[in-house]
Protein chains: 2
Amino acid sequence: MSATTTLARDLAKAVGADGVVAPESHLLTDMTLLPGSADAVVLPDTAEAVARAVAWCYAHDVPITPRGGGTGVAGGAVASGGVVVGLGRLARVRSFDPLLWRMSVEAGVTTAGVQRTARESGLFFAPDPGAAELSQIGGNIATNAAGPHAFKYGATGTWVSGLEAVLAPGELVTVGGPIRKDVAGYDLKSLLVGSEGTLGIVTAAWLKLLPAPEVTLPVIAFHADTSSGCDAILRVLGHGVRAAAIEYLDDEALASGAASYAPGVPAGAGFMVIAEADGAPDEAERVRGELIEALSVGAIGVHTPRDREGLEALWRWRAGLAFAVRARRGSALSEDIVVPLDRLAEAVDETVAIGRRHDLIALSFGHAGDGNLHSTFLISPESDDELRRAQRASEELFALALSLGGSVSGEHGLGLVKRGQLGRQWGPRAVELHAAIKASFDPKNLLNPGKKLAF
Amino acid sequence: MSATTTLARDLAKAVGADGVVAPESHLLTDMTLLPGSADAVVLPDTAEAVARAVAWCYAHDVPITPRGGGTGVAGGAVASGGVVVGLGRLARVRSFDPLLWRMSVEAGVTTAGVQRTARESGLFFAPDPGAAELSQIGGNIATNAAGPHAFKYGATGTWVSGLEAVLAPGELVTVGGPIRKDVAGYDLKSLLVGSEGTLGIVTAAWLKLLPAPEVTLPVIAFHADTSSGCDAILRVLGHGVRAAAIEYLDDEALASGAASYAPGVPAGAGFMVIAEADGAPDEAERVRGELIEALSVGAIGVHTPRDREGLEALWRWRAGLAFAVRARRGSALSEDIVVPLDRLAEAVDETVAIGRRHDLIALSFGHAGDGNLHSTFLISPESDDELRRAQRASEELFALALSLGGSVSGEHGLGLVKRGQLGRQWGPRAVELHAAIKASFDPKNLLNPGKKLAF
């Protein structure tokens, strides 16, 4: 009997025979499509089965790659040998108390599943990272996923009041719960949030919800250039207007999506701002009016759709933008740097300049209100040379983020692809503690090894 | 030259001669008035001086007790030998960008100072723990202080986007900054928030602010008993009304404060709910109307002051309540347990029952919306017997919180007085990690030793 067969047999004891599947290549990678390798993929259907699988792996020094929906873009779910633990079958809503604004869900419930369950009872789960139909709440928590509405509502972690997770060497641990405050211990919950499966595997979460805003009204403004557009964004904050989201597209990003933008992009537009007002009808109208006022100064055109179809079409279009951008040359390297808001214009312009220095088309779009840019270098999937140049350009981009007082990652995480960047962002003592925390949680370095490393 | 004189001389080199003061007893304790001991108190006036003081202590195996405004109620600032590092002279606002909703302040700026600076520019720092004129933002961060408005706005940590802290063995470390997102490293920022000075000493913070709500309208409802009052609170959430705060007082708490409640407490009232609507004028009116509707069902009386004086008088009265309660018998043991909101009524009633079993007057008040009770046992300061009974009652109270699925601490922290309670709340693996994190940050166990311990 081969080692692999033995492994599959032992894992079947942990998770059931139907819980062990062949390590097909699509189960070993994520949206990066970087090739992964593994000896087996397990799909436990209970948290206890996850604990048994981890316990077996930990006892046998087998690396473990946790896997949600596989929609990550930093290589966090790219397997490097051992066993992939997929959470997709942990898909139960354990409890839902709409009158108390809370829900307890297993890790494999999709983001859209959480959002829909909340909506059906008049509630609202605010985080809206892309690929909501595929991405899973466990993965959202493991990356502290965000999206456009994080500007007003915060990222995924803001809404997590408790976690159940399997920690090394294979124990099911709970911190927090259906409670709204807890300062008894160190904040292990926040430590697990965004840890990218390197400290433990989230199996379930208690989520806080909000009453759904009754009305959502977008305001879309087109400006001639980055400078005018960023001034408009700063004017929103300067006027004290609390938008639900403030997104932007620079000129090349806009060019990528213009053809599919149904209301039409006005001639001469080189920067697009998408802002949103939400709340009860009067409140949303008030904020909408203030957004129009702040964003119209110097604008070439302003769209203000009022109908639900217009709103949904807008966000569908925005969600498709990353694909439209990639389609330009077949592929792209896209990052998620963060800068202080007053440095946004500089970061947008510098992204283009960095691209130019490497003879690449560069563009950016993203979560303007949070200073979070998806700076993107377009490349052909056939050209190794373009890939190498884009990688060098990304290095410059990370240096730019740091020189502006920002962060190398606002929502994707380090994964595999940004390995080493944290060591430039943080000083030596913080990096040392980063490593010490990893060693405390995972002394054998078997949980998602090679990911979220400072060096 | 005595050891103490040598110590004072060496510390003077670190923080300047005027930065070393005598260890007077009031500088060695907090609101618990538990006696502390120390060989010296240093008051550095820069973060670098804090680092030098910590470096000296760390090199000489001298314990360090960080000290903010001394308004803690869990004994977190009760010194146990060595050196007290007071942060009060680190009182600069390093930067304030009102148009960008952000501020960078040193640890010794008072909570009220942060609030006022924000307000003067039309902004809003939401956390409002008690004793705002005395408590310091560094201490608020170290305890993740909350208060009534945490219900809508979250506790202090929600508003911290970056920290500067002195970590062992004496290094000034920065994580985050004036940025709104950052998932590059493990969440060291959240780990330091609420760590009660046991992992490091916060020297400065970047704070996020919000546009100030234009209007704030309280709704005060009196109910006959806990059951009717808690039903009313649940009705607020059930109706999807987003209050800024939902506070409560049980009958004994109400009796303690009734005489000083200017608008008068209606006869037969045994439970008081204080809710608040805020926002733009129309929005605040709308929420106010819904609060009145939800809280009036079964109420004995409803007060709805509209004037600023009425609002300010209300919160001043609420802030004084803890003192009015203590005044009943001269002293009190007051805790800060948290329960899921649907168990609030049970926790309120059980608090009284626990007191009765120990022949003590017990009462509770607090942050109803967050399920956060200040369960309080009244005692005479002259009676050791009453103190012992109150301590036993508190133990039962912590057990109650856990049996209801809650936490032993919602905002005070473990400090010295709740030492050992975390070991009952968390499982062994989580407790082990709590200790491992401490050991990583503070290998010599010199930072606020004896505090925030699971056992």
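**Reading the interface of chains A and B**

Tutor: In this predicted model, chain B and chain A bury about 6,200 Å² between them, and 64% of that lies on carbon and sulfur atoms.

Student: Why quote an area at all?

Tutor: The accessible area lost when the parts come together is often used to give the size of an interface. On the chain B side, Lys181(B), Val183(B) and Tyr186(B) lose the most area to chain A. Together they make up 16% of what that side buries.

Student: How many residues of each chain are in contact?

Tutor: 80 residues of chain B touch 80 residues of chain A.

Student: How many salt bridges does the rule find across the interface of chain B and chain A?

Tutor: Six. One pairs Glu411(B) with Lys181(A), with 2.8 Å between the closest N and O atoms.

Student: Which elements give two or more residues to the side of chain B that touches chain A?

Tutor: Among them are α7 (226–238), α9 (281–296) and α14 (428–441) of chain B, along with strands β9 (171–176) and β11 (210–211). α14(B) gives the most, with nine residues.

Student: And how do the residues of that side divide into nonpolar, polar and charged?

Tutor: They split into 39 nonpolar, 23 polar and 18 charged.

Student: How many disulfides does the structure hold?

Tutor: Zero, over all chains.

Student: Is Cys57(A) buried or exposed? What about Cys230(A)?

Tutor: The cut-off for buried is under 20% relative accessible area. Cys57(A) is at 0%, so it is buried. Cys230(A) is at 6%, so it also counts as buried.

Conventions
Residues are numbered from 1 along each chain as its sequence is written. Chains are lettered from A and ligands numbered from 1 in the order in which they are written. This is a predicted model: local features need pLDDT of at least 70, side-chain atom pairs count only at pLDDT 80 or more; totals for chains, interfaces and linings use all residues. Side-chain values use heavy atoms; hydrogens and water are left out. Contact means heavy atoms within 4.5 Å. Buried area is the accessible area (1.4 Å probe) that two parts lose on being put together, summed over both. A salt bridge is a side-chain nitrogen of Lys or Arg within 4 Å of a carboxyl oxygen of Asp or Glu. Helices (H or I, at least four residues) and strands (E, at least two) are DSSP runs, numbered from the N terminus. Ala, Val, Leu, Ile, Met, Phe, Trp, Tyr, Cys and Pro count as nonpolar, Asp, Glu, Lys and Arg as charged, and the others, Gly among them, as polar. A disulfide is a pair of cysteine sulfur atoms within 2.5 Å. Buried means under 20% relative accessible area, exposed over 50%, partly exposed in between (1.4 Å probe, protein chains only).
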